[in-house]
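Hi everyone, thanks for making time this morning. I'd like to walk you through one model, so please have the sequence and the structure open while I talk.

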Amino acid sequence: MEVAKLSIVFLIFFNVATLIPSIKADIGEFDEVWRKRAEEAWKNALEAYNPHPEDVTAIVNNRVNDALEAIKNTTGTTVSVDFELDIDNDLGGDNGTDVSNRRYLRGETRRYKGPCVATNPIDRCWRCRKNWAKNRKRLANCALGFGHKTEGGKNGRYYVVTDSSDDDVLNPKPGTLRWGVIQKEPLWIIFAANMNIRLTQELIVQSKKTIDGRGANVHIAYGAGITIQYVRDVIIHNIHIHHIVKGNGGMIRDSVDHYGQRTASDGDGISIFGSTNIWLDHISMSQCNDGLIDAIAGSTAITISNSHFTHHNDVILLGASDSYSKDSIMQVTIAFNHFGKELVQRMPRCRWGFVHVVNNDYTHWKMYAIGGSKHPTIISQGNRYIAPDDRYTKEVTKRDYAPESEWKNWIWRSEGDLFINGAFFVPSGPKKMGKLPFTNLQMIKAKPASFVRRLTRFAGTLACRPGSKC
């Protein structure tokens, strides 16, 4: 295994000189500042890369079991019964064939009115505490999966967004979100009030930032999206991102001491480019011009959790190109999310790398749920897949640009998944696979798919109010 890691490291460094200038991601002028950022980002990626990814999945699995046992021991009868009824209703009783109630379903979720309950190990780490607003940074200790080391702005001061405008992208005003994210120091960014922020150009986020929307109803919408490029340690939590459009490009400030020409942005909700230790949690996303989330160009150590996705075609893209082999170090956890109504494909679509898809609820897709090319490793554990009624789109999986003689050797595993309405997963790779070399923090241990409805019950943004349990 050490030989394999050394081989990957050699490949990365061998290709740095040729690939960095050609992969610019909306950078109009790839100047010395961007070149240094790119070089530092590769070093960070190699440091974050784990040659034993299975250890990560095991830790997450154990945390899920512990959380559910704790819920069982501490919640009252009403909550327990409510959860059990959810499972029966969603699955159509004993045989699980009635899908007319798809998550009440196809996105029509009944609002929970019972006592505060944290139903998965990430939420249990911080939720249901009245003093959450006085101890916001506790959240930074709660990530699991490959992004578990992400700290965001934990070691920095609080910065309060008081101004929802985004009028000057070259010299942003103090009090705006843009002013906060370009600072070089660690910052924990919160919001003074409910806000609708229309970004006039892509929002370029510096390292060691947390964007924490708890306590306010924050929408980033009807403008450009968020760009996380050549940085590390970013947490985005509890915000709505929707109706994102292409940015025109132009001169944009990306840090307090640098600005430069940017080409037009694609209209992704969140674009992760050459970045490491990224955690996206409790985000509600829909209707972006391009993808909802793209993670490309050697990004790694990423967790996408507790989020709700609706009304979109290309949902999550992991890996930039079939020819971009540096994405071999990409390691991503997708856990406790709800893939809801009017989604089409890419939940995710993977190239290269290692992706752990664990305890998610797939209540709708129009083409397929999980796809890939260039031999990614995909481990699907404890997910619930409810197929559409169209008999031609029942398959969960899709392999692109490869004959069966090639993809039959890719490691795509389904373990403990629940398939409803004719859904099916086509596995590949060796029938028996050795222990995956990841820590328990990196690999979330899956609970059986019958628990998915409760594990994902609070996916998406939360209505958190200071002084009340969140």
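Strand β3, residues 195–197, pairs with β6 in the parallel sense, and the pairing runs over three bridges. Within that pair, Ile197 stands opposite Ile220 of β6. Before I go on, a quick reminder that this is a predicted model.

Now look at the other neighbour. β6 also pairs with strand β9, residues 240–242, again in the parallel sense and over three bridges. Here the bridge partner of His219 is His240 in β9.

So which way do the side chains of β6 point? Val218 and Ile220 point one way, while His219 and Ala221 point the other way. In a regular strand, side chains alternate between the two faces of the sheet. And are these four buried or exposed? Val218, His219, Ile220 and Ala221 are all buried.

Let's zoom out. The chain has eight helices and 31 strands. Of its 470 residues, 61% count as buried. If you take the contacts with a separation of 6 or more, 70% of them come from residues 24 or more positions apart. The accessible surface comes to about 18,100 Å², and 50% of that belongs to carbon and sulfur atoms.

Next, please find the open sheet of ten strands. Its order is β1-β2-β5-β8-β13-β16-β20-β24-β27-β30, and the pairing is parallel. At the edges sit β1 (157–161) and β30 (412–415), each pairing on one side only. On average, neighbouring strands here are turned by 10° against each other, direction ignored.

Helix α2, residues 32–48, lies across β8, β13, β16 and β20, and runs at about 75° to β13.

Finally, the interior. Nonpolar side chains tend to be buried together in soluble globular proteins. In this model the largest nonpolar core has 65 residues, and the members touching the most others are Leu177, Ile226, Ile236, Ile270 and Phe309. Which strand gives the most to this core? That is β2, residues 187–191, with three residues. A second, separate core has 25 residues, including Ile122, Cys142, Leu144 and Phe336.

Leaving aside residues up to four places away in sequence, Phe309 touches Met285, Leu292, Val315, Phe339 and Leu343, among others.

Key:
Residues numbered from 1 in each chain as written. Predicted model: local features only at pLDDT ≥ 70, side-chain atom pairs only at ≥ 80, totals over all residues. Heavy atoms only, no water. Helix = DSSP H or I, 4+ residues; strand = E, 2+ residues; numbered from the N terminus. Buried < 20%, exposed > 50% of the residue type's maximum accessible area, 1.4 Å probe, protein only. Contact = heavy atoms within 4.5 Å. Areas by Shrake-Rupley, 256 points an atom, 1.4 Å probe, with all protein chains shown as cover. Core = buried A, V, L, I, M, F, W, Y, C linked by side-chain atoms within 4.5 Å. Pairing = 2+ DSSP bridges. Axes fitted to C-alpha atoms, helices over the stretch in contact; angles between N-to-C directions.
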